Amino acid sequence: MALLEVEDLTVSFPTADGVVKAVRGVSFRVEPGQTLGIVGESGSGKTVLTQTLIGLTPGADINGKAVFDGTDLLQLSEAQLRRIRGARISVIFQDPLTSLHPLYRVGWQIAEMVRAHEASASRKEARDRAVDLLGRVGIPRPEQRVHDYPHQFSGGMRQRAMIAMALALAPKMIIADEPTTALDATVQAQILDLLLQLQEESDTALIMITHDLGVVADIADDVMVMYAGRAAEKGTKHQIFYESHHPYTKGLLESIPNSSVAADRLRPIPGQPPSLINLPAGCKFHPRCGYVLDRCVCAEPELVRIDAVADHGSACWLPAEAAGVGASAEKLREQAVREGRRGAAVEVAEAIAASPEVA
Amino acid sequence: MTGQAPAASGDVLIRVDNLVKHFPVRTAGFINRTVGQVQAVDGVSLAIPRGTTLGLVGETGSGKSTLARCIAGLIPATSGTVHFEGRDITNLPRQRMAPFRRNIQMIFQDPYGSLNPRRRVGAIIGDPFAVHKTVPADERKRKVQDLMERVGLNPEHYNRFPAEFSGGQRQRIGVARALALRPKLIICDEPVSALDVSIQAQVLNLLADLQREYGLTYLFIAHDLEVVRHVSTSVTVMYLGKIAEAGPKNPVYDTPRHPYTAALLSAALAADPEAAAARQRIILTGDIPSPIDPPSGCRFHPRCPKAQELCGRQEPPLEVKAGDAATHLAACHFPVTAGEKLATASRRARP
Ligand SMILES: Nc1ncnc2c1ncn2[C@@H]1O[C@H](COP(=O)(O)OP(=O)(O)OP(=O)(O)O)[C@@H](O)[C@H]1O
Ligand SMILES: Nc1ncnc2c1ncn2[C@@H]1O[C@H](COP(=O)(O)OP(=O)(O)O)[C@@H](O)[C@H]1O
Ligand code: SF4
Ligand code: SF4
Ligand SMILES: [Mg+2]
Ligand SMILES: [Mg+2]
């Protein structure tokens with residue numbers, strides 16, 4: 001049985017400007033010991049989706065189900081959620097300073113976390129646990145560094161301290177929200193290795209939120225691609241990277257500079273993501289889509305299985321043959337080009353490009 | 001130690017020789033005493049031929065932005081020289097710097113922080129015209145709208161505020177403003193780091209188009225190695241204020257000679273699961289040390305998988321290594337040889 005099963009989750013925020021529809025009917029599952037990568041442009045709802053699971057979106061209208069280890073998280077009281085947060089589901093944020101208090105010693109903060117959830121732990125036991133955890137995440141001389149304040153740690157060390165804190169109570173699931181975005185490549189690689197290693201040791205489930213497809217390629221088992229608050233595509237890492245079906249997923253993969261394709265120009269996705277207050281009708285990607293069909297403009301496609309054998313889903317009206325880069329997918333692409341199909345955003349971009357040059 | 005800038009073929013637009021920038025570290029107290037120096041840039045030399053792009057990479061704190069700000073004349077250099085079209089522009093007084101400043105513009109990482117939120121974009125983009133008085137006031141609006149159009153912004157949005165634009169559009173505003181005076185050199189400090197990939201590709205294409213159209217020269221700072229490879233003609237790798245390796249991009253990426261370059265490249269994540277699974281990461285121990293008290297000898301030695309006794313004692317010169325092209329330089333006593341395997345960690349055993 002899945003450790004977490006989210007079903008048709010909808011989250012919106014009433015604001016002065018209108019209702020922000022941040023998450024619109026998302027379903028997914030996470031198995032123990034597995035990593036789900038969630039990718040998408042900023043504002044696509046990745047953070048809201050996961051924060052809602054642990055009760056950190058106050059003021060939001062929430063609908064749907066999120067069954068974690070037999071309990072629907074969305075039905076729990078704040079007090080019940082507090083007992084789950086940190087202990088059974090923990091979170092690692094992009095900026096460790098949002099979770100580490102600047103005025104308290106790092107070791108003390110980890111020890112206090114332990115004591116808050118485990119009444120039986122003595123002060124000394126909690127302190128020893130903090131030292132042990134800092135050692136496990138690769139902080140050198142942890143028995144000395146427990147006494148440091150957060151500002152005495154480098155960015156990479158702070159992120160390690162955050163991971164140590166996230167692991168302190170042996171959670172069943174970790175939500176990592178852009179945990180390495182602010183870090184250098186060498187440090188990022190170390191942190192990802194560390195997460196994988198710790199996950200293998202303890203069979204923890206991991207939800208890795210990122211806008212970096214390189215991170216997903218490196219660490220995920222399954223991937224969910226989000227666009228405008230919905231899952232555009234969902235599948236195994238292999239399906240998403242090598243057999244992608246949704247034009248948005250294809251667009252993301254094609255827009256990355258890649259030395260193996262010696263192209264002079266990159267192929268960006270034209271336009272920008274829509275306003276979540278004022279969503280376009282039909283498929284929310286249609287203004288930017290190069291495959292757009294008449295139907296796309298008025299009817300929004302559901303996420304459906306496009307693969308008979310494996311669980312690969314896409315929310316797009318294109319036929320299943322659009323998946324991948326094989327001959328039939330290529331034929332569909334050529335047909336779209338031949339028919340001159342392009343979303344409204346593409347037309348605007350072309351009009352601007354064709355305008356007279358700056359004198 | 002790093003000596004003169006490498007001889008570059010063609011017409012050199014900007015040339016930096018032995019540039020040093022130290023920041024004094026003071027005690028925060030009643031009596032301000034200088035207790036040390038942050039050696040942010042310590043003897044850097046480079047030359048950028050006109051119409052080309054030099055990519056600058058290195059970990060946080062390696063001195064990239066400081067070097068850029070010295071070149072742009074935004075902060076004074078401690079020592080060393082900067083030549084623009086053969087003329088020495090190092091630490092010129094404001095007045096005499098003005099004509100050069102027109103020709104050297106900067107684009108910054110943070111499209112949010114670098115735009116005044118209370119000013120309309122028309123005024124922001126038109127600022128350089130007002131400051132340098134190159135365009136009469138009544139023509140300014142048309143000029144600004146031409147620029148907006150050129151960078152892919154809707155000219156009708158002239159009166160909007162920065163908050164009404166997306167991240168990618170705000171970066172275009174920065175590009176339009178930098179372009180206003182038709183500069184020769186644009187220094188891009190992490191111009192796409194804050195953008196999503198699809199938008200990042202739009203801005204990179206725009207920069208490439210503008211370069212072709214106006215013959216622009218770029219100094220391009222970024223931490224994404226694939227981005228740098230895509231945009232650059234040549235690449236310079238910095239570590240703790242010094243150049244570790246420099247040269248045309250392909251040899252530097254394909255056959256790095258400095259162990260730090262090799263480690264950096266091995267840590268980059270390709271958006272390709274099969275490549276990721278095959279990745280052999282070179283293990284670096286520890287974090288980047290403090291530039292206040294950098295390690296002796298080779299600054300990389302405490303983390304280097306190839307370090308030997310000599311490395312802690314003697315600083316390696318930046319020089320051409322045996323078998324390399326005359327433009328490919330590395331600062332290492334024991335350079336990586338073709339096919340050499342450094343200590344690596346392969347990924348998890350899991351399928
Ligand atoms: N005004 C200043 N006073 C003191 N130290 C400074 C100052 N500006 C920069 N430094 C220091 O100089 C070193 C180089 O900084 P710089 O900003 O050039 O790095 P960078 O390579 O651009 O890093 P990043 O990748 O994080 O942008 C750092 O140690 C930094 O803390
Ligand atoms: N408390 C809130 N009130 C109103 N809108 C919000 C709130 N929190 C998030 N949003 C909006 O929800 C959308 C999704 O945000 P988020 O989940 O943070 O995106 P991501 O993590 O994918 O970048 C954004 O448009 C964001 O501005
Ligand atoms: S083809 Fe239609 S349904 Fe599919 S992504 Fe494009 S616009 Fe949306
Ligand atoms: S000089 Fe020595 S320590 Fe420095 S990079 Fe070369 S081998 Fe490593
Ligand atoms: Mg987020
Ligand atoms: Mg910088």
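These legends describe close-up views of a predicted model.

**View 1. Chain A as a whole.**
Chain A holds 13 helices and 12 strands. Its C-alpha atoms fill a box of roughly 70 × 45 × 45 Å along the principal axes. A compact globule of 359 residues would have a radius of gyration near 21 Å, and chain A has 22 Å, so the two agree. Of its 359 residues, 52% count as buried.

**View 2. An open sheet in chain A.**
Four strands build this sheet, in the order 2-1-4-5. Their pairing is antiparallel. Which strands sit at the edges? They are strand 2 (18–30) and strand 5 (71–72) of chain A, and each pairs on one side only. Strands of a sheet pair through backbone hydrogen bonds, either parallel or antiparallel.

Strand 4 of chain A covers residues 61–68. It pairs with strand 5 of chain A in the antiparallel sense, over 2 bridges. Look for A:Val67: it stands opposite A:Asp72 in strand 5 of chain A. Helix 1 (residues 46–53) of chain A packs on the sheet. This helix touches strand 1 (4–15), strand 2 and strand 4 of chain A. Its direction makes about 110° with that of strand 1 of chain A.

A:Gly37 belongs to strand 3 (residues 35–39) of chain A. Is this residue buried or exposed? A:Gly37 counts as buried because its relative accessibility is 0%, and the cut-off for buried is under 20%. Setting aside neighbours within four places in sequence, A:Gly37 is in contact with A:Met208, A:Ala220, A:Asp222, A:Val223 and A:Met224. A:His151 gives a sense of distance: A:Gly37 and A:His151 are 114 residues apart in sequence and 30 Å apart in space, C-alpha to C-alpha.

**View 3. The surroundings of ligand 3.**
Residues of chain A surround ligand 3. Among them are the cysteines A:Cys283, A:Cys289, A:Cys296 and A:Cys316. The histidines A:His246 and A:His286 are also there. By class, the shell has 10 nonpolar residues, 2 polar and no charged.

**View 4. Strand 1 of chain B and its partners.**
Strand 1 of chain B covers residues 12–26. It pairs with strand 2 (residues 34–49) of chain B over 12 bridges, in the antiparallel sense. In this pair, B:Val12 stands opposite B:Pro49. Strand 1 of chain B also pairs with strand 4 (residues 79–84) of chain B, again antiparallel, over 5 bridges. There, B:Ile14 has B:Phe84 as its bridge partner.

**View 5. Helix 9 of chain B.**
Helix 9 of chain B covers residues 259–267. How many of its 9 residues are buried? The count is 8, and the helix is mostly covered. The buried residues include B:Pro259, B:Tyr260, B:Thr261 and B:Ala262. B:Ala263, B:Leu264, B:Ser266 and B:Ala267 are buried too.

Technical notes
Residues numbered from 1 in each chain as written. Chains lettered and ligands numbered in written order. Predicted model: local features only at pLDDT ≥ 70, side-chain atom pairs only at ≥ 80, totals over all residues. Heavy atoms only, no water. Pairing = 2+ DSSP bridges. Contact = heavy atoms within 4.5 Å. Axes fitted to C-alpha atoms, helices over the stretch in contact; angles between N-to-C directions. Rg over C-alpha atoms; globule rule 2.2 N^0.38 Å. Buried < 20%, exposed > 50% of the residue type's maximum accessible area, 1.4 Å probe, protein only. Near = heavy atom within 4 Å. Nonpolar A, V, L, I, M, F, W, Y, C, P; charged D, E, K, R; others polar.
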